[in-house]
Amino acid sequence: MKRYLLIAVAALYTAFAGFTGTQAAPTWVDKEVVMQLGTSSNDFMIAPAELDFQTGKSYKLVITNPSKVTHLLTMPEFGRTVLTAKVDIHDGKVDRSGHRIYKIEVQPGGTAEWYFEPVKVGSYWVMCGIATHAKAGMTAKLVVR
Ligand SMILES: [Cu+2]
């Protein structure tokens, strides 16, 4: 029953998302957050290293890549514990199954906008899925309270 409710909510979000452009955040977005993959001087980091979210709030996560190499935001758990409304990719791609998001690739200079609502409290590690980038420092923690 709970599962059906979640799907219904996700469908509702998708319907609303259809009326919005990609520039301004839809009115149902409670908070816009920016996550940066790498830097313009090619440092291997994710900034900020920790992001806090609250259940029941709608987020627009803007993922940028100012570096000169491709990065692949990889989420073993986080992407399947949130309700995703939509993902807009500008130069990159998304690996998803329905509204479960596993990986978001962002090309150099590209951005991705991920609209979601966290529903499960917890701490989730995310990293760059490109070989050696995570070991070089491209990890971050997403905390849902
Ligand atoms: Cu990377």
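Pro 48 lies in the loop between S2 and strand S3 (50–53). A cis peptide bond joins this proline to Ala 47, with omega at about -5°. The model that contains this bond is predicted. The protein's secondary structure amounts to two helices and nine strands, and buried residues account for 30% of its 145 residues.

**Overall architecture**

- Read from the N terminus, the order of elements is α-β-β-β-β-β-α-β-β-β-β.
- Of the contacts in the protein between residues at least 6 apart in sequence, 72% link residues that are at least 24 apart.

**Confidence in the model**

- The protein has a mean pLDDT of 86, and 83% of its residues reach 70 or more.
- Over residues 5–21, pLDDT stays under 50, and the model has 17 contacts beyond four places in sequence for this stretch.

**The nonpolar core**

- The largest nonpolar core comprises 28 residues, and those with the most contacts inside it are Ile 63, Leu 73, Ile 104, Trp 114 and Val 126.
- At least two residues of this core come from each of S1, strand S4 (59–64), strand S5 (71–74), strand S6 (82–97), strand S7 (100–118), strand S8 (122–128) and strand S9 (139–144).
- The strand that gives the most to this core is S7, with seven residues.
- Ile 104 is in contact with Ile 63, Leu 73, Val 87, Gly 92, Val 94, Ala 112 and Trp 114, when its neighbours within four places in sequence are left aside.

**Strand pairing around S1**

- S1 and S4 run parallel and are joined by six bridges.
- Met 35 has Ile 63 in S4 as its bridge partner, and Ile 63 is also among the residues with the most contacts inside the largest nonpolar core.
- S1 is joined to strand S2 (residues 46–47) by two bridges, and these two strands run antiparallel.
- Opposite Gln 36 stands Ala 47 in S2; Ala 47 is also one of the two residues joined by the cis peptide bond.

**Strand pairing around S8**

- Two bridges pair S5 with S8 in the antiparallel sense.
- Leu 73 stands opposite Cys 128 in S8.
- S8 and S9 also run antiparallel, and six bridges join them.
- Val 126 has Ala 140 in S9 opposite it.
- Both Leu 73 and Val 126 are named among the residues with the most contacts inside the largest nonpolar core.

**His 71**

- His 71 belongs to strand S5.
- His 71 counts as buried because it has 27 C-beta neighbours inside 10 Å, where 20 or more are required.
- Not counting residues up to four places away in sequence, His 71 touches Leu 37, Gly 38, Asn 65, Val 106, Cys 128, Ile 130 and His 133.
- The C-alpha atoms of His 71 and Ala 131 are separated by 10.0 Å, while the two residues are 60 residues apart along the chain.

**Positive phi angles**

- Asn 42 is not a glycine, yet it has a positive phi of about 60°.
- Asn 42 is placed in the loop between S1 and S2.
- With 11 other C-beta atoms within 10 Å, Asn 42 is exposed, since the exposed class covers residues with 12 or fewer.
- Asp 91, also not a glycine, has a positive phi of about 75°.
- Asp 91 is placed in strand S6.
- Asp 91 counts as partly exposed because it has 14 C-beta neighbours inside 10 Å, a number that falls between the limits of 12 or fewer for exposed and 20 or more for buried.

**Pro 26**

- Pro 26 is found in the loop between helix H1 (2–17) and strand S1 (31–37).
- Pro 26 is partly exposed, with 17 other C-beta atoms within 10 Å.
- Pro 26 and Tyr 115 are 89 residues apart along the chain, and their C-alpha atoms are separated by 9.5 Å.

Conventions. Residues numbered from 1 in each chain as written. Predicted model: local features only at pLDDT ≥ 70, side-chain atom pairs only at ≥ 80, totals over all residues. Helix = DSSP H or I, 4+ residues; strand = E, 2+ residues; numbered from the N terminus. Contact = placed C-beta atoms within 7 Å. Core = buried A, V, L, I, M, F, W, Y, C linked by C-beta atoms within 7 Å. Pairing = 2+ DSSP bridges. pLDDT = per-residue confidence, 0-100.
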